[in-house]
Each structure stands twice: as structure tokens, then as C-alpha cells.
Amino acid sequence: MKMRFALRTFSVISPILAMTFSASAAFYGDPPDDHHPWAIHDMNRPKPNIVTPGSFSSPEAPGKPPSDAIILFDGSDLSKWESGKEGRGPAKWKVQDGFMEAIGGAGDIQTKDQFGDCQLHVEWAAPGKVEGSSQGRGNSGIFLMGMCEVQVLDNYDNPTYADGYAGSVYGVNPPMANALRPPGTFQVYDIVFRRPVYKDGKVLDPGYVTVFMNGVLVQDHTPLEGGTGHMRRTKPGPFPEKGPLKFQDHGNPTRFRNVWYRPLAPRSVEGGTDGYITAEATLAKRKEIAASIRADAGKVADPANPVPGMLRLAESLTYEKDADTTQKVTEMADKYVQAIKQLPPDKLKGKKDEVKSVFGAFDYLTRFGLVPGDFAAKPALQAIIKEQRWDK
């Protein structure tokens, strides 16, 4: 009776389960370490979200935002904007022909929504009628979280101080190039913004701004330190978690269209789990992953075919050494070896791929010290593989 159960229990894995639970999928790259909760090529790591790309803009027409973008201005109204003045109230800029335009004296406008780290897309145009010079020509500003200004200015054949050029982090860092089109033509800014992060008064990440002007890189991961200002040097300091996007009224009828943003995933200093993170955060995340895999192992457990559950349970040891799990995996592995040894030659032949896959998993676990050195199933399976010349 026991013999019949053992033979029935370790039947051939279906193609789908073989793919999911094979050693090549789950026991492949270097395991997690003290500062990285994921293994290399980790199949448990969250997959990227699917985003339908938009289309590029031209000077004549705005492009289409990507599918996950949050639209701040689509050319129709200012319902997502308010006055930047104290007391707020409605935004009083003009909207026509698909763009908004600053009206001198109306004041700055800002989004009602608050945001933090983001990818931001803004298109703007200085007046086609050239008037003024230096900072008095087509001047406005894009204030990230209301605190960090990326300069908007008509610098087409119009020099000014370097850290006040279009595309500058105002007063902090000049753009690496002047890639502006002629005035009256819409310019395209694509901005990647990371706010400064502090804890207990100490900087964890100074924050950065990357800016593309009409497809040309003009700010390359420029450190922020703190908020920007006019005629005063930036002072390092923290930002709030969120703040509004603000457009400046500098007295020039500057136009804006096709404004959208995409929130960015948190950095490791903010609780993100990609990249180098603290030992404490890594340990907590590894425990979480291990618990999730153990729960999943319970869902796929099947007395008629225990191999997938055994390998899934063994995979949890990659993230967390657990005495109870180790004991259970050891017991399941020993039973598996005994069942394989009892198979007649014609049925053993059909187990070649399965046995090699299970051996690969056990070899991985022993090689990285994730199971005890006396884990007997590995050498036992290795001996079977050699006897059957499956290693040739």
C-alpha cells in the first residue's frame, strides 16, 4: 500500500508546473544578501506595470500622454488649478486654442493636487512678438512642489546669466545646452524630479532634477540640496512629502499646454525595496517574501503530486532560514528520494527531467548554505543521475 502511494504521489509534473517550479526558474541567480532582498533574476520580484506609450509632440500639436499619466491640463479648462495667491480662489489665466496663458497681474497658479517624486511633462511657448531682453522676455517658471524652479525663458538669441537660462535649476545649475526653438513655438520639457529626503535633521538623499529640453538633456541628475530662490543661495533642507506644481506669472504672456505627470516609485530611503537598502529593511522584506512563498506552497500542495509544493516551500528558504520549514523540506525530500529509488527502470526513465530539476534546486540550497550540510537528498539524487548517465 505504501509503495503504491509513493509511486502515485510522485507522478510526472505537468509542463506548466514544470516551468513554474523548475530549478532553472526558482533556483537560478545569486540569492538575497544583507542589503538586497531579491535574488538575481528573481521570479518573485514584482513585474513592471504595463503602460501604453503616448506619442511625441511636435511644435504644431501636442502629443498623447502615456496611459498611466495623470493629466493636469488637456487644453480645455483650469479645473485642476487654483490661484497661487494666499486665500487661493480660481486660477485666472486665459484658456484658448488648447493652451493656457499667463495674464499679467493674475498671479501664479498651482495645481489643486499635491505630488512628490514624478516624471513631469510640460510644453510652453514664449510670445511670438519679441519684446524685452534678458530676464524680461518670455519669463515664467515651473516650480516643482512649489519649491524648486526649472526656468522658463525665451533665450532664443537672448543671453542672460547662466543659472537663469531656460532649462536651468534657477540660481543653482545652468543648463548644459540651449536647445530652444524660436519664440512663438512650443518647447517641450520632460522632467524627472526626486525631492530631498531627510531624517532626524540628516540628509538621506539630497534630491535630484533631470531635464530634457526638446529631447536634449540639459540637467543630468542635478543635486537639489533644497529649494531654489532669487538672488540667494540654496540652503540644504528637507521637502515635505508632497506639494503643488506651480507656474509663475512674471508679467509675460507665456503659454502652456499638454501638462501631465507620472508618480515615481519610492526610493530605498523612503521604503522602496529596489537597490541597496538597510539591513533592517532587507531582513523585514525577506521575511515578508518568505511568508508569501510559504503561503503559496500551501496553495499548490497536492498529495497526488507534491513536487511543486516541496520546491516552492524550499524556495522560501532562499529568503529566510526557518527551522520548521527546513525540517519539512528535508522530510519531503527524503520521501521523494525513496520514491524515486523504488521506481522500475521504465518509469524512472520518464522522471529524468524532474529528477534533474529537483537536484538543481537542492544543489542551489546546499551551495549557498541555505540548508544544513548533511542534507542527504542532494547526494542521493546526484548518485541516481550518475547511475542513469543523465549527466552526460
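What is the volume of the largest cavity? The largest cavity has a volume of about 80 Å³. The views below are taken from a predicted model.

**View 1. The largest cavity and the residues around it.** A search of the whole structure finds 1 cavity of 30 Å³ or more. Its lining is made up of 14 residues. Ala25, Ala26, Ala39, Asp42 and Tyr319 are the lining residues that lie nearest the centre of the largest cavity. Sorted by class, the lining has 8 nonpolar, 4 polar and 2 charged residues.

**View 2. The largest pocket and its lining.** The space in the largest pocket comes to about 380 Å³. A total of 19 residues line the largest pocket, and those closest to its centre are Ser55, Phe56, Ser57, His121 and Asp190. Two or more lining residues come from each of strand 6 (118-125), strand 9 (187-194) and strand 15 (255-263). Strand 15 has the largest share of the lining, with 3 residues. The lining of the largest pocket divides into 9 polar, 6 nonpolar and 4 charged residues.

**View 3. The largest nonpolar core.** This core holds 41 residues. Within the core, the residues that touch the most other members are Trp81, Leu120, Leu144, Val209, Leu245 and Phe247. At least two core residues are supplied by each of strand 1 (70-73), strand 6, strand 7 (140-144), strand 8 (148-152), strand 9, strand 12 (208-213) and strand 15. Strand 6 contributes the most to the core, 4 residues. A second, separate core has 32 residues, among them Ala26, Phe27, Ala314 and Ile384. Ala26 of the second core is also one of the residues nearest the centre of the largest cavity.

**View 4. The surroundings of Phe247.** Phe247 is one of the residues that touch the most other members of the largest nonpolar core. With residues up to four places away in sequence not counted, Phe247 touches Trp81, Trp93, Met100, Asp108, Ile109, Val122, Gly141, Ile142, Phe256 and Val259. Among these partners, Trp81 is likewise listed with the core residues that touch the most other members.

**View 5. Glu101 and its polar contact with Arg255.** Glu101 is placed in strand 4 (residues 99-101). Glu101 counts as buried because its relative accessibility is 9%, under the 20% limit. The side chains of Glu101 and Arg255 make a polar contact at 2.7 Å. Apart from neighbours within four places in sequence, the residues in contact with Glu101 are Trp93, Lys94, Pro253, Thr254 and Arg255. Trp93 is also touched by Phe247.

**View 6. Arg137 in the loop between strand 6 and strand 7.** Arg137 has a relative accessible area of 10% and is therefore buried. Its side chain makes a polar contact with the side chain of Asp154 at 2.9 Å. The side chain of Arg137 also reaches the backbone oxygen of Tyr156, at 2.6 Å. When residues up to four places away in sequence are not counted, Arg137 touches Val130, Glu131, Gly132, Leu153, Asp154, Tyr156, Asp157, Asn158 and Asn252.

**View 7. Gly146 in the loop between strand 7 and strand 8.** Gly146 is partly exposed, with 27% relative accessible area. Leaving aside neighbours within four places in sequence, Gly146 is in contact with Pro244 and Lys246. Gly146 and Asp190 are 44 residues apart in sequence, and their C-alpha atoms are 17 Å apart in space. Asp190 is among the residues closest to the centre of the largest pocket.

**View 8. The buried residues of helix 5.** Helix 5 (residues 307-316) is largely enclosed by the rest of the structure, because 10 of its 10 residues are buried. The buried residues are Val307, Pro308, Gly309, Met310, Leu311, Arg312, Leu313, Ala314, Glu315 and Ser316. Ala314 belongs to the second core.

**View 9. Asp334 in helix 6 (residues 323-341).** Asp334 counts as partly exposed, at 33% relative accessibility. Between Asp334 and Leu264 there are 47 Å in space, C-alpha to C-alpha, and the two are 70 residues apart in sequence.

Definitions and conventions: Residues numbered from 1 in each chain as written. Heavy atoms only, no water. 1 Å grid on protein atoms, 1.4 Å probe; cavity = no way out; pocket = protein on both sides within 12 Å on 5 of 7 lines; lining within 4 Å. Points joined across faces, edges and corners; volume = space filled by probe spheres on them. Nonpolar A, V, L, I, M, F, W, Y, C, P; charged D, E, K, R; others polar. Core = buried A, V, L, I, M, F, W, Y, C linked by side-chain atoms within 4.5 Å. Buried < 20%, exposed > 50% of the residue type's maximum accessible area, 1.4 Å probe, protein only. Contact = heavy atoms within 4.5 Å. Polar contact = N/O pair within 3.5 Å; in protein donor to acceptor, adjacent residues only side chain to side chain.
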